[in-house]
Each structure stands twice: as C-alpha cells, then as structure tokens.
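Work through the exercises below with the sequence and the model open. Each task is followed by a solution in steps.

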Amino acid sequence: MMKIAIKTAIKTVFPAVLAMLMIMPVSQASAMDVTAGSQLMVKTSVVEVIGVREIEAGKFAQGIRKSKATLAKITIASLRKPLLDNLCVATLAIKDMVQANQYCHAAVNTGKASAISYNNRAMMHYVLGNIQASLEDLDEASRFGSFQNMVGSNLRIVNQRNILSKN
C-alpha cells in the first residue's frame with residue numbers, strides 16, 4: 001500500500017468552499033513547495049447544512065459531531081446526501097479511512113448521484129492506493145459536467161500516478 005501524507009487546506013470559492021487535500025507520497029511530503037498541480041481536491045456540499053462551516057474551517061471533530069447528529073435524525077435521501085458528502089471530506093481530512101470509506105460510499109449511493117460524491121470517493125480510493133477505482137469514479141464524476149476544473153485536475157494527477165506506477 002502506498003504511504004500518503006495528507007495536509008488540509010481550505011480555499012474560499014464562491015458560492016461554496018472547496019476543501020483541498022494535498023495528497024502526495026510521503027517521500028515528497030517534506031517538500032514545502034507543493035505546486036497547485038499536485039493537489040488533489042475534495043469538495044464539501046454546495047448545500048448549507050449543519051456542520052459544513054465547521055468542516056470548512058478545519059474544525060473537523062466539531063463538524064463531524066454536528067453532521068452525524070443531524071444525519072441520525074434525517075431519513076430523506078436528498079437531505080442526507082450533503083451531510084454524507086461533508087462527512088466523507090472530514091473523515092478523509094482526519095485520516096479516518098474506515099469512516100471515510102463508509103461515508104464516501106454512502107454519499108455516492110444515497111439520493112441523486114453527483115460529481116462531488118464521485119470525486120470525493122475517488123480521492124478516498126486514491127488515498128487507499130486503489131488507483132483503478134479512483135480513475136473509474138473520476139470518469140463517472142466527469143460525466144456530470146459540473147466541477148470540471150476540480151474533477152479534470154484530479155483526473156490528470158491520478159492518471160499520471162497510474163502511468164508512473166506501471167513504469
């Protein structure tokens with residue numbers, strides 16, 4: 001399994017906030033000159049839901065707690081989906097891969113599919129070292145026609161990693 005270092009940064013993008021996970025092999029993790037081209041990105045929900053602001057502010061434990069409490073009260077799939085997207089991002093950020101796996105899969109499989117959910121799950125697969133599953137999810141995310149800059153950038157990075165791993 002490929003060792004990965006994850007650093008979390010928050011970048012404001014109108015109308016929502018984009019949470020970026022800068023993911024790179026541990027051998028490169030000490031280099032502080034990470035370029036924008038080497039940043040894989042995940043996205044919080046575009047819907048304003050309880051816990052999203054905390055997650056976007058890097059207060060992951062607080063955001064996770066609030067999101068989980070709200071999720072436990074909601075049964076309607078379309079209302080659960082943004083919470084699941086946010087929990088996927090937050091658990092990836094804190095490197096809780098068991099929970100990230102659960103939330104990222106649930107976000108894809110709950111309610112109407114979205115580019116955000118497929119993109120975030122692709123990044124989870126990437127962190128877990130499953131490049132093929134990451135590429136499949138990014139291909140699916142690209143079919144939605146939304147968030148194309150993020151999805152396209154992630155796809156280029158994962159494709160490059162895939163090519164390098166075969167050499």
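This is a predicted model: local features need pLDDT of at least 70, side-chain atom pairs count only at pLDDT 80 or more; totals for chains, interfaces and linings use all residues.

**Exercise 1. Check the length of H6 against its number of residues, and decide how far H6 is enclosed.**

Solution. Step one: the expected span is 1.5 Å times one less than the number of residues. For the 13 residues of H6 this gives 18 Å, and the end C-alpha atoms are 18 Å apart, which agrees. Step two: a residue is buried under 20% relative accessible area, exposed over 50% and partly exposed in between (1.4 Å probe, protein chains only). In H6, 13 of the 13 residues are buried, so the helix is largely enclosed by the rest of the structure. In the protein, 51% of the 167 residues count as buried.

**Exercise 2. Describe how H4 packs against H6.**

Solution. Step one: two packed helices are described by the angle between their axes and the distance between the axes. The axes of H4 (residues 77–93) and H6 (residues 115–127) come within 10 Å and cross at roughly 25°. Step two: angles under 35 degrees count as roughly parallel, and H4 and H6 are therefore roughly parallel to each other. Step three: list the residues in contact (heavy atoms within 4.5 Å). From H4, Lys81, Asp85, Cys88, Val89 and Leu92 meet Ile116, Ser117, Asn120, Met124 and Val127 of H6. By type, the residues of this contact divide into 6 nonpolar, 2 polar and 2 charged. Here Ala, Val, Leu, Ile, Met, Phe, Trp, Tyr, Cys and Pro count as nonpolar, Asp, Glu, Lys and Arg as charged, and the others, Gly among them, as polar.

**Exercise 3. Is Met123 buried or exposed, and which residues does Met123 contact?**

Solution. Met123 lies in H6. Its relative accessibility is 0%, so Met123 counts as buried. Apart from neighbours within four places in sequence, Met123 contacts Leu40, Met41, Val42, Ser134, Leu138, Asn154 and Val158. For Asn154, 31 residues away along the chain, the C-alpha separation from Met123 is 8.2 Å.

Terms used:
Residues are numbered from 1 along each chain as its sequence is written. Side-chain values use heavy atoms; hydrogens and water are left out. Axes are lines fitted to C-alpha atoms, for helices over the stretch in contact, and angles run from 0 to 180 degrees between N-to-C directions. Helices (H or I, at least four residues) and strands (E, at least two) are DSSP runs, numbered from the N terminus. Angles under 35 degrees count as roughly parallel, over 145 as roughly antiparallel, 65 to 115 as roughly perpendicular and the rest as oblique.
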